[in-house]
Amino acid sequence: MLLTKLSLFNFKNYEEAQLEFQGDIQYFLGKNGSGKTNLLDAIHYLSFTKSAINASDNHHIRSGQNQFLIKGEFTKGSAQHQVVCSFQQGMKKVIREDEQECVKLSTHIGKYPVVLVAPNDIELIWDGSELRRKFFDSLLSQIDKNYLENLIQYVQYLKQRNSLLKLFSERGSMDRDMLEAYDQKMIPAGDYVYRKRKEFMVEFLPIFLKHYQFLIGDSVEAPQIQYRTEFDEIAFRELLNKNLQRDVLMQRTGSGIHRDDFLFLLNDFELKKYGSQGQQKSFLVALKLAEFQIISQRKGLKPLLLLDDIFDKLDDERIHKLMSLVADKTFGQLFITDARAGRSKDVLKQLGIKAALFEVKGGTLSKVNGKK
């Protein structure tokens with residue numbers, strides 16, 4: 001799969017931009033704040049129908065305007081496709097594929113898969129369980145439509161159940177029949193997500209371990225990912241019944257797949273507490289490489305790989321390890337941002353890699369060779 005053209009209108013700091021991509025590697029070079037990351041976020045939007053940075057569409061409209069538009073042209077095999085994402089204040093966003101509107105946005109997820117590696121990925125390790133769930137949910141949603149549908153249904157009924165619990169608490173009385181109507185729909189969705197997460201970790205972990213070992217070379221380390229869930233010990237319905245009084249008191253559902261965690265360990269110790277910066281970075285890059293491989297295997301095509309200023313976060317050894325995979329044609333099409341043009345050019349020269357270079361300055365773009 002290739003992204004051959006990208007057009008922006010009033011998206012973030014771009015009044016208007018049109019880019020054509022040739023070859024597998026595209027470099028966006030420019031100072032911090034120039035708009036490099038915004039280009040990657042536009043590509044992410046075409047894939048996920050939302051930003052990777054901020055969920056509010058209003059925040060992506062250029063200052064002083066009331067709408068934005070992103071258009072991408074893709075090649076998948078011998079077929080050409082066009083995806084248009086548009087949003088106007090006060091109206092719902094519109095996603096069109098080949099001039100047909102996507103009535104249900106979830107049906108678009110996974111059609112044009114993307115893997116993003118960004119500086120704030122470190123929060124996967126440092127922050128709480130929500131971001132780790134989000135990482136695996138995003139991955140699974142790109143390769144399993146049923147997973148995404150069940151996850152959406154679960155979240156929908158969880159919100160309604162929580163509103164009902166709040167109402168019960170305020171009234172001082174409970175309507176079990178009304179609660180059961182939500183539980184009957186939330187429980188099978190939660191059970192499905194639990195089973196798929198459990199099954200997926202059996203597939204994901206060996207691939208992750210292989211990539212981690214590649215990054216660390218001859219070092220002897222034992223990384224691990226443990227899926228932590230209450231469902232291993234007790235059935236969902238039983239769990240809800242057991243904790244019902246507590247849930248009413250707290251006015252929210254305290255048990256379920258929304259409380260699951262994926263624990264990152266190294267040598268049997270928690271990575272965020274005992275892992276060095278280098279070990280944490282290797283863990284993160286291995287996660288993303290495993291994500292890329294899983295999607296490639298399941299979808300039968302290589303997702304777009306977006307590398308956002310990661311060279312500032314990796315040492316020279318890890319940069320060359322990663323770029324050696326690029327030289328070996330491990331990936332498909334890459335989009336890379338870097339604030340230090342000289343560094344990128346040196347890496348490309350050392351590894352004999354050809355790339356298209358774009359210079360980014362305050363929302364304007366030009367090819368390094370002078371072509372617009």
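In helix α1, the buried residues are Lys-36, Asn-38, Leu-39, Leu-40, Asp-41, Ala-42, Ile-43, His-44, Tyr-45, Leu-46, Ser-47 and Phe-48, where buried denotes under 20% relative accessible area, exposed over 50% and partly exposed in between (1.4 Å probe, protein chains only). The model is predicted; local features require pLDDT of at least 70, side-chain atom pairs count only at pLDDT 80 or more, and totals for chains, interfaces and linings use all residues. Residues are numbered from 1 along each chain as its sequence is written, and side-chain values use heavy atoms, with hydrogens and water left out.

Helix α1 is thus mostly covered, with twelve of its 13 residues buried. Spanning residues 36–48, α1 reaches 19 Å from its first C-alpha to its last, close to the 18 Å expected at 1.5 Å a residue; the expected span is 1.5 Å times one less than the number of residues. Helices (H or I, at least four residues) and strands (E, at least two) are DSSP runs, numbered from the N terminus. Just after α1, Thr-49 adopts a positive phi of about 60°.

The largest pocket has a volume of about 1,600 Å³. Of its 47 lining residues, Phe-48, Lys-50, Lys-134, Phe-135 and Ser-138 are the closest to its centre. A pocket is an open set of points on a 1 Å grid over the protein atoms alone, where a 1.4 Å probe fits, with protein on both sides within 12 Å along at least five of seven lines; lining residues have an atom within 4 Å of a point. Points are joined across faces, edges and corners, and the volume is the space filled by probe spheres set on them. The largest share of the lining, nine residues, is contributed by α3. The lining comprises 21 nonpolar, eleven polar and 15 charged residues; Ala, Val, Leu, Ile, Met, Phe, Trp, Tyr, Cys and Pro count as nonpolar, Asp, Glu, Lys and Arg as charged, and the others, Gly among them, as polar.

Six strands form an open antiparallel sheet in the order β2-β1-β4-β5-β6-β7, two strands being paired if DSSP finds at least two bridges between them. Strands β2 (14–20) and β7 (100–101) stand at the edges with a single partner strand each, so one side of each lacks a neighbour in the sheet. Antiparallel pairing of β4 (residues 67–76) with β5 (residues 79–88) extends over ten bridges, and Phe-68 stands opposite Phe-87 in β5. Strand β1 (residues 2–11) pairs with β2 over six bridges, also in the antiparallel sense, and Phe-9 has Glu-16 in β2 as its bridge partner. The hairpin formed by β1 and β2 has two residues between the strands, and Lys-12 in the turn has a positive phi of about 55°.
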